[in-house]
Amino acid sequence: MKKYLWAAAGVVAAAVIAAPSAVGAPTETSTTEAAISTAATSATEVVPADVTPVRAVAPAPDPVRTVRPGERVDAGKGYTVWLTREGKHWTGPDGFENFRSVVDGNIDRSEPGVSHQSEGGATGVFHSGLYYGTRHAGRVELTDSEGHTTVATLVALPGRPDWGVWYAHTGPSEGNHGGGHGVALYDRAGKLLADLPGFDFPAGRG
């Protein structure tokens with residue numbers, strides 16, 4: 001009888017010893033699976049980069065205003081300017097019409113150049129002229145004998161021809177009607193293309 005009791009006790013002990021392994025196995029498997037799941041989740045997480053948006057650069061404004069042939073441009077202080085295929089036209093407060101041709105052979109359009117007409121006196125001077133020999137005019141500047149600079153307004157016909165018109169106003173003049181101002185033509189990169197020194201005698205219309 002004792003023999004059978006010892007045998008039964010051995011069976012129960014074996015069952016008890018084996019039980020922890022059986023119970024612990026699922027726990028180990030669950031821990032491993034959780035670790036794999038966590039690693040996979042971490043691998044798929046995307047951390048947003050600190051990206052600075054790029055702003056589009058606005059194109060530089062065109063320094064030359066395009067006008068239709070015959071379109072009247074208010075040049076200020078009673079002056080009006082307009083262009084035709086033949087050249088530059090303008091009137092002043094007196095209503096007298098002036099014309100400067102670009103087709104009569106008096107200017108050489110094969111190279112950059114600039115002309116200057118002015119009229120006025122004690123109340124101010126109106127300056128205007130042609131620029132020519134370039135399709136890349138950037139600005140025209142007037143400079144008086146004291147070094148003061150005035151930037152002119154530029155106008156041209158459609159199609160960017162190789163000539164256009166500039167105009168500007170300066171302060172009162174003493175005796176030379178603004179003829180003492182030098183005129184300089186620059187391209188859009190700021191390179192000097194042509195200049196016209198000031199002169200000491202009165203400027204006429206033409």
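Strands E4 and E5 form a hairpin with 5 residues between them, and glycine 95 in the turn has a positive phi of about 80 degrees. Strands here are DSSP runs of at least two residues (E), helices are DSSP runs of at least four (H or I), and both are numbered from the N terminus. E4 covers residues 87-91 and E5 covers residues 97-101. The two run antiparallel and are joined by 5 bridges. Two strands count as paired if DSSP finds at least two bridges between them. Within this pair, glycine 87 stands opposite serine 101 of E5.

The model is predicted: local features need pLDDT of at least 70, side-chain atom pairs count only at pLDDT 80 or more, and totals for chains, interfaces and linings use all residues. Residues are numbered from 1 along each chain as its sequence is written, and side-chain values use heavy atoms, with hydrogens and water left out.

The protein chain has 1 helix and 14 strands. Buried residues make up 34% of its 206 residues. Buried means under 20% relative accessible area, exposed means over 50%, and partly exposed lies in between (1.4 Å probe, protein chains only). A contact means heavy atoms within 4.5 Å. Among contacts with a separation of 6 or more, 56% come from residues 24 or more positions apart.

Strand E11 (residues 153-156) pairs with two strands described here. Strand E1 (residues 64-66) runs parallel to E11, and 3 bridges join them. Arginine 65 stands opposite valine 155 in E11. E12 runs antiparallel to E11, again with 3 bridges. Here leucine 154 stands opposite tryptophan 166 in E12. The hairpin of E11 and E12 has 6 residues between the strands. In that hairpin, glycine 159 takes a positive phi near 90 degrees.

Leucine 154 lies in E11. Its relative accessibility is 3%, so leucine 154 counts as buried. Residues up to four places away in sequence aside, leucine 154 touches Pro63, Val64, Arg65, Tyr131, Ala137, Gly138, Arg139, Val140, Val165 and Trp166. Leucine 154 and valine 64 are 90 residues apart in sequence, yet their C-alpha atoms are 4.9 Å apart in space.

The largest nonpolar core has 17 residues. A nonpolar core is a set of buried Ala, Val, Leu, Ile, Met, Phe, Trp, Tyr and Cys residues joined through side-chain atoms within 4.5 Å. Val81, Leu83, Phe126, Leu130, Trp163, Val165 and Tyr167 touch the most other members. Strands E2 (73-76), E3 (79-84), E8 (124-132) and E12 (163-170) each supply at least two residues of this core. Apart from it lies another core, of 13 residues, including Val114, Ala137, Leu142 and Val183. Beyond its neighbours within four places in sequence, leucine 130 is in contact with Lys88, Arg100, Ser101, Val102, Ile107, Gly113, Val114, Ser115, Trp163, Gly164, Val165 and Trp166.

Side chains of opposite charge can pair when their charged atoms come close. A salt bridge is a side-chain nitrogen of Lys or Arg within 4 Å of a carboxyl oxygen of Asp or Glu. The count comes to 6 salt bridges. Aspartate 162 and arginine 109 form one of them, at 2.7 Å from N to O. Aspartate 162 lies in the loop between E11 and E12, and arginine 109 in the loop between E5 and strand E6 (113-114), so this pair ties together parts that are 53 residues apart in sequence. Aspartate 162 is buried, at 18% relative accessibility, whereas arginine 109 is partly exposed, at 28%.

Glutamate 141 and arginine 139 also meet in a salt bridge (2.7 Å, N to O). Glutamate 141 is buried, at 15%, and arginine 139 is partly exposed, at 29%. Arginine 68 and glutamate 71 meet at 3.7 Å, N to O. Arginine 68 is exposed, at 55%, while glutamate 71 is buried, at 18%. Asp62, Arg160 and Arg188 are linked in a network of salt bridges.

The count of cavities of 30 Å³ or more comes to 1. On a 1 Å grid over the protein atoms alone, a cavity is a set of points where a 1.4 Å probe fits but cannot get out, and lining residues have an atom within 4 Å of a point. Points are joined across faces, edges and corners, and the volume is the space filled by probe spheres set on them. The largest cavity has a volume of about 30 Å³. Its lining is formed by Val64, Tyr131, Thr134, Arg135, His136, Ala137, Arg160, Pro161 and Arg188.

Definitions and conventions: 1 Å grid on protein atoms, 1.4 Å probe; cavity = no way out; pocket = protein on both sides within 12 Å on 5 of 7 lines; lining within 4 Å.
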